[in-house]
Amino acid sequence: MPHAQLDLNIPTGDEVKTTTCYMCACRCGIRVHLKDQKIRYIDGNPEHPVNRGVICAKGSAGIMQHYSPARLSKPLLRVGERGKREFREIEWDEALALATKWLGDIRATDPDALAFFTGRDQSQALTGWWAQQFGTINYAAHGGFCSVNMAAAGMYTLGGSFWEFGEPDWDLTQYLMLWGVAEDHDSNPIKLGLGKLKARGAKIVAINPVRSGYGAIADEWVPINPGTDGLLAGALIHELLRTDRIDLDYLVRYTNAHYLVIRDPGAADDGLIARNSDGHALCAVRNISKRNPSPPNPPLEGEGYMLARADAIDISPLIVGEYALADGRKAVPAFHLFAERFLSDEYAPDTVTAACGVGADTIRRLARELAETAFDNAIRIPQRWTDANGREHTEMIGRPVAMHAMRGISAHANGFHTCRTLHLLQMLLGAIDTPGSFRYQPPYPKPAPPPNRPGKSRKDNGALDAGPLGYVHAPEDLLVDADGKPRRIDKAFSWEHPFAAHGMLQNVIANAWAGDPRRIDTLFLFMANMGWNSAMNTTQTRQMLTDRDATTGDYRIPRIIYVDAYDSETVAYADLVLPDTTYLERHDCVSMLDRPISDADAASDAIRQPVLQPDRDVRPFQSVLLDLGARLGLPGMVDSNGAAIYRDYADYIVRHERSQGVGLLAGWRGAEGTKKGIGEPNPDQLDRYIENGCFWHEPVPVAGRYYKMANRDYLDWAKNLGFIGSNAPIVLEFYAEKLQRFRLAALGHGAMQPPESERERVAKYFDPLPFYYGSMEIDPASQRNPSPPNPPLEGEGRNPQRGRFDLSAITQRPMFMYHAWGSQNRWLRQIATRNYLYLHPDTAAANGVDDGDWIWLVAPRGRIRVQAKLHAGTSPGTVWTWNAIGKRKGAWALSANAPEDVDGFLLNHLIDESLPRAGESPGYANADPVTGQAAWFDLRVRIERDEAPSHPGHRIDVAARGVAA
Amino acid sequence: MRPSFSIICFTTLSGTGYGLLFLIGIVLVSASPIGSPNSLLIALCVGFVLTSVGLLASLAHLGRPSRAWRAFSQWRSSWLSREGIASLVTVPVMAAVGFALCNPPHGRFTLRALGLLLAACCMVTVTCTARIYSSLPPIRAWHNRFTLPGYLLLGLTGGAVWFCAIVASNAADADSVSLAYSILLANALVIAPASALFKRTYWRHIDALTPITTAVATGLDRLGDASSFEQPHTEENYLTREMGFALARKHSVSLRALAFWTVLAAPLFSVAVALMFGGGLLLTCVLWLVVFASTAAILVERWLFFAEATHSVKSYYN
Amino acid sequence: MTMLPTPSAKKLGLVIDLDTCVGCHACAVACKEWNDGGQFGPLPDSDPYGAQPDGVWFNRVHSYNVLPTSAGSATSAMTVHFPRSCLHCETPACVTVCPTGASYKRADDGIVLVDEDKCIGCQLCAWACPYGAREISEQRGTMQKCTLCVDRIYNETLDPADRQPACVMACPTRARHFGDLGDPNSDISKLVDERDGYALMPEFGYQPVNRYLPPRARRDGNSSAASKTLTDTAIDPQKLPPILRWIDRALSR
Ligand SMILES: Nc1nc2c(c(=O)[nH]1)N[C@H]1C(S)=C(S)[C@@H](COP(=O)(O)OP(=O)(O)OC[C@H]3O[C@@H](n4cnc5c(=O)[nH]c(N)nc54)[C@H](O)[C@@H]3O)O[C@H]1N2
Ligand SMILES: Nc1nc2c(c(=O)[nH]1)N[C@H]1C(S)=C(S)[C@@H](COP(=O)(O)OP(=O)(O)OC[C@H]3O[C@@H](n4cnc5c(=O)[nH]c(N)nc54)[C@H](O)[C@@H]3O)O[C@H]1N2
Ligand code: SF4
Ligand code: SF4
Ligand code: SF4
Ligand code: SF4
Ligand code: SF4
Ligand SMILES: [Mo]
């Protein structure tokens, strides 16, 4: 009898609980199978809208994260020097009393002396509100170093974005262009989607210096030189314009391309949109009545046209030409300005080819393929819908060209404009929220940009007048002092980075250390590994954390409170460590007020429920935060008697109302649990979620699935759910007038103007139409051509060895690891315990490097010793590695000789957080001048051989930070 | 393939042991005068010890040695199982031979029959051992027509040097001496050269094997030429350790030469000593030296047998 | 019994689509997780937090550079991901070489299993497998391999939709398919037909049941499929300022 013991009917466990995965920000639904109160198995929840049952490597390995030996188990108080990992375990009472004392003192004197930065936070709806109630402007999560370029360019252009708020139409697209995407937050939906595209035979194009992962299965790999996508996209636009393959009707219906832009150089309103006395934007239309449709041809300036409200319907707007306004001044349609720019030779394929590393013929072919797919293979869905103006349509026309872009675009100092270029390219193709194209995910679209501005001042109760993060619409919204200097510790929303909608966590430590723009008292960090892989310039960042003031002998950053669940590198730098639970031990909320998990066809939000009780003395951070708030007596957290309003986070999720009837969760609201979106709190809400697999999923009405920005069926639905304030159409900002307001300020107009030192920079980068510029630190285009298309910014001349750094160095997310967390996971770390520097065989040969050699990677900041590996799928001008595999000895409960430390490496040691500036304080952030997005991928390097290339071992040679800069 | 010490000991010692036992059997069959049975008895004991130690060594290779008895069950398909059974069957045959030698007088026929049985058992056992390896298609250095004769020949030459040394050490009478001399000559002139030359042919054969390319192993040859970009795991695993063993060419060349010349020359050297100095203590010492050298050479040969063999799974890791 | 059973009509196996696999390792980890806690587990690790972490995996994901050759169909360099697990061969030596009967092929569905209670850990079966689908666990002393999730696919305590291999359920691109390759009308048999699915190294004569679907021809600039000619309505710059070409376009809002 073979296999006597084989029993094929063993139950998987004795209990199954659903919850939401936290092994990355994708937030899939999972089923946790429990056996004897231990986790037997975690698999994907087949009902869940995000992952539909699939689960990635990290998600499955969650079990080993939960049982990781690196879990923290008790609050820790530092007893030795910072960085030495010498702590005393303390009780929670002592820990919270201490934190309350520190924070209470700050709040009483100078609330902004608290810098509260919450890293990879999935509870920003709570933490942002808490910061607001505390009254500090110095709050943000990690977005500034992550993908704010995508978020901001999207929100200021579309009222949605590639980042988190939109997705390709996986079911209908025939042509997908992936711009700089390795993994994205939408890990599983993208993979499910790619699977669908493959099954349908749709074409996938990967624009990426590296061919791996998604790029590996793409039909076409376009190995672009890093940082030059703006040129490539511009050249595609050039070609579409040149060949007249554009969807002009789409532009005039859904965008402001036809809006007239005042052309009056030197005037205070030059470049602003022409408006009538009621403030309505104007356009030029043919001066013809409906009865007489034959236009005078060609219409002469001032003749044959008239001005009309640009949002009027049934008009025939003109999109090129110069027109006179009522006051006699000239104005041109925004499209005209756009076409002038992109039809110029600057964006011709033959011009950009050298800088991009993409053949001119390829560019022309790609443009042709885009047009063929969008126009010759347009989709027509026989679906009735009503547009925002109340007109009925019998069908939905689709452009089955979808684009998706992420950090390959974002993590460059030109990412905002590059991303806007992509959005304009999509608009030209009529490919935003149409069948087959990029689609919004509710609650998006919102007005571009949404109305909420960052809080600036404190109310009587000490709370900020608005949440600390928001969208700056005009110079008046900036957080600058009377001299125009930054108010925030990270310099977000200052003239240096006006649209820093996600803050700039990457510069907090350097700024706080330098006391520029101010000193802080307490740095309160939550799940951001700022002592390692989250930091730029990691070596010196670690020094700043331990650096003492020469005169007082105190740490220059006086206090650090850190909340982590695991023994990360950053734990070593905290004065007080508050240990969090694992994701399977707490309530959590994936809220519509933060970054929900909706897909294009439905609004969704979700919760986490504790599936296991902690076996250590740890507490969920969100509950701790509410507890701290109550101890501090923060408004909204204590009642009139000073008693805590909320028992814990679960209680807050259910009972807290942001505005009447709007809380963290949109599902099962109202006393009976029958309301959606808006409704009084429902005490049983969490039970309803749990019964439904811990998520809420509300489908968009069929007639509202496309053209959401101008589809009444959608807009009414979204308004009823409280997603948007009105059902007015959302106009796509082809022309970003908001930027022009900043440029005008820089040119000396208006009440709020930048200080002299910032004028040139603001004037240059606040261009209302997208443009390409070489990134600040480097300029590959200029290194190849003697005369650069645009002179680089202050990077010029700052580095005497400029030009000698002939390679771009970038990182990619490995699909099986999440940043730093994966290495404590006994399964995931077996996949990659070390990382290599990948380079093209030709690059290796040119540098005398063999496969497997140990070499030096040299950047202006210093050098690191790494192991080289050859990869034909890497573009010859680029070297790359997997992100965050390298670890620091002592962290993550790894043994001292772990390859993560001995052999693996972080590129971060070589990446500047600020551009050096002569003098005391650091220069501009190494970031996008518009948004403050960290320019990780602008790093330029060169390779030097080592004398003993077969002798293994990683080393870091980065000079210590002496005096400032 | 990773040259595992236990398996090398096993195949070398048991091969040699069975070679020795085989010779005992042949001597009995050939009915040549054997002189005092002591030499044969001692040789029989040594053969028993060698094969037993070899088999015990093979147990060390098992993950669950306590369950080794289970290995006798699958004789219908498994050469390892057959080898186990054959080696087990050989034990009572050895005992019978020993009993017969200890309890003369016996009819010539009994001894001849027992000798034949013993020789056959040994031959079968070594054949089984060889077939364990030669029946593994993924290891082309083993899966060929050279493996079996190689095992038989090397077992025989190994057995022969032991035989000579044992008999010479006990040589009380002329019959024993002439027996030792004849085996010595047979080995030096026929068996050892045949083994060495055969081994060389084997090496030529495996050198001529074209490695399975990664493209063929993955079937990606239909697209083009494939090579690893990333391995499934950055550190070593069972497969890369066990089947990914790679021996540097220069080591291989010198070790082969060592094994070849030692197997070939050591017996000849003892013949030369015998010719020059005749029998006696010196020759006995030399013969034991030859035992040592030849056994060591066979160990080297066996080490190479593993170390030079590549497994097809390695093609996935290239 | 390590004698091979008479071939069954039912041949359960996997089909892996190399055209779609992004090399995410989800299948490998889901497999490790399912089996580690199940009746074929644990899948022990050694030195899990140290210098040489290692462990038993039933499924490992490779990735390869593929360069065009004159014989192959690739028109440009490719990266191909390649998951590797047991192919549940029809005539595998991994079964016949086993001295104990621990390694066997199920008569009714062809799944190749190891009975851990019988295995002596001689590793011969691992040597006999050309595909590296068997791994010994040093801690357990026995051989381990892909079970085709036999403890899932027939498990009546699971929801019928869940009676699939863990790796197939996990695969985020749905590049893995499970079914009866003995039935020419099964979905996966048809898929294999359509896509020219192939067996690995058939020359060994093991007759693998699993199939790999080759990456499809890439439609990039190098492929003939991509080069259609452009219907170029390009502007003649001599004629008109290019911008004004749209001046008399009647658009509707
Ligand atoms: N070179 C280079 N560097 C980069 C990037 C790059 O592309 N290249 N990418 C950047 C980007 S976009 C990002 S987002 C960052 C991400 O980098 P980090 O922000 O460092 O992200 P993680 O490593 O994910 O985790 C931060 C901390 O959260 C902790 N943590 C995990 N789970 C929990 C929990 O449940 N509770 C609590 N309290 N803590 C927990 C972890 O232990 C870890 O210490 O890296 C940035 N760094
Ligand atoms: N498995 C896993 N998933 C994750 C994470 C993780 O750590 N692991 N992290 C999450 C986080 S925090 C984030 S922010 C997202 C980020 O998701 P992605 O945006 O996919 O992140 P990156 O890995 O930084 O990928 C950047 C890609 O852009 C390419 N690239 C670099 N420079 C350029 C360029 O100039 N042009 C073009 N076209 N391409 C370029 C790189 O080669 C790489 O493929 O992923 C999230 N998902
Ligand atoms: S993609 Fe992220 S959220 Fe989804 S299963 Fe994987 S780790 Fe979990
Ligand atoms: S793949 Fe290997 S282990 Fe699986 S049946 Fe075939 S030979 Fe046996
Ligand atoms: S290791 Fe186990 S299953 Fe494999 S051949 Fe030996 S006894 Fe059989
Ligand atoms: S079928 Fe099951 S055992 Fe086999 S590889 Fe897939 S998950 Fe692992
Ligand atoms: S899970 Fe699917 S896509 Fe990922 S490696 Fe496995 S087969 Fe490939
Ligand atoms: Mo990120």
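In which loop of chain C is C:Arg174 found? I located C:Arg174 between helix 5 (166-170) and strand 10 (176-180) of chain C; helices (H or I, at least four residues) and strands (E, at least two) are DSSP runs, numbered from the N terminus.

Conventions. I am working with a predicted model, in which local features need pLDDT of at least 70, side-chain atom pairs count only at pLDDT 80 or more, and totals for chains, interfaces and linings use all residues. Residues are numbered from 1 along each chain as its sequence is written, chains are lettered from A and ligands numbered from 1 in the order in which they are written, and side-chain values use heavy atoms, with hydrogens and water left out.

Backbone. I looked up C:Arg174 for its phi, which is positive at about 55° although the residue is not a glycine. C:Arg174 counts as partly exposed, at 39% relative accessibility (buried is under 20% relative accessible area, exposed over 50%, partly exposed in between, with a 1.4 Å probe and protein chains only). In chain A I noted A:Arg52, a non-glycine residue with a positive phi near 45°. A:Arg52 sits in the loop between strand 3 (38-44) and helix 1 (57-60) of chain A, and is partly exposed with a relative accessible area of 42%. For reference, most residues other than glycine have a negative phi, and most peptide bonds are trans.

I then listed cis peptide bonds. One joins A:Tyr444 and A:Pro445, with omega about 10°; A:Pro445 is in the loop between strand 22 (438-440) and helix 15 (508-514) of chain A. Another joins C:Gly41 and C:Pro42, with omega about -5°, and C:Pro42 belongs to the loop between helix 1 and strand 2 (45-46) of chain C. I checked helix 1 (residues 26-36) of chain C as well: 10 of its 11 residues are buried, including C:Lys32, C:Glu33 and C:Trp34.

Chain shape. For chain A I count 26 helices and 35 strands. The C-alpha trace of chain A spans about 85 × 80 × 75 Å along its principal axes.

Chain C has six helices and 11 strands. Its radius of gyration is 25 Å, well over the 18 Å from the globule rule for 253 residues, so chain C is more spread out than a compact globule. Its C-alpha box is roughly 90 × 45 × 45 Å along the principal axes. Buried residues make up 67% of chain C and 69% of chain A.

Cores. I took a nonpolar core as a set of buried Ala, Val, Leu, Ile, Met, Phe, Trp, Tyr and Cys residues joined through side-chain atoms within 4.5 Å. The largest has 332 residues, and A:Trp130, A:Trp179, A:Leu241, A:Phe335 and A:Phe524 have the most contacts inside it. Helix 8 (residues 229-242) of chain A gives the largest share of this core, eight residues. Apart from this core lies another of 142 residues, among them B:Ala130 and B:Phe260.

Leaving aside neighbours within four places in sequence, I find A:Phe335 in contact with residues including A:Leu241, A:Phe734 and C:Trp246, where contact means heavy atoms within 4.5 Å.

Definitions and conventions. Rg over C-alpha atoms; globule rule 2.2 N^0.38 Å.
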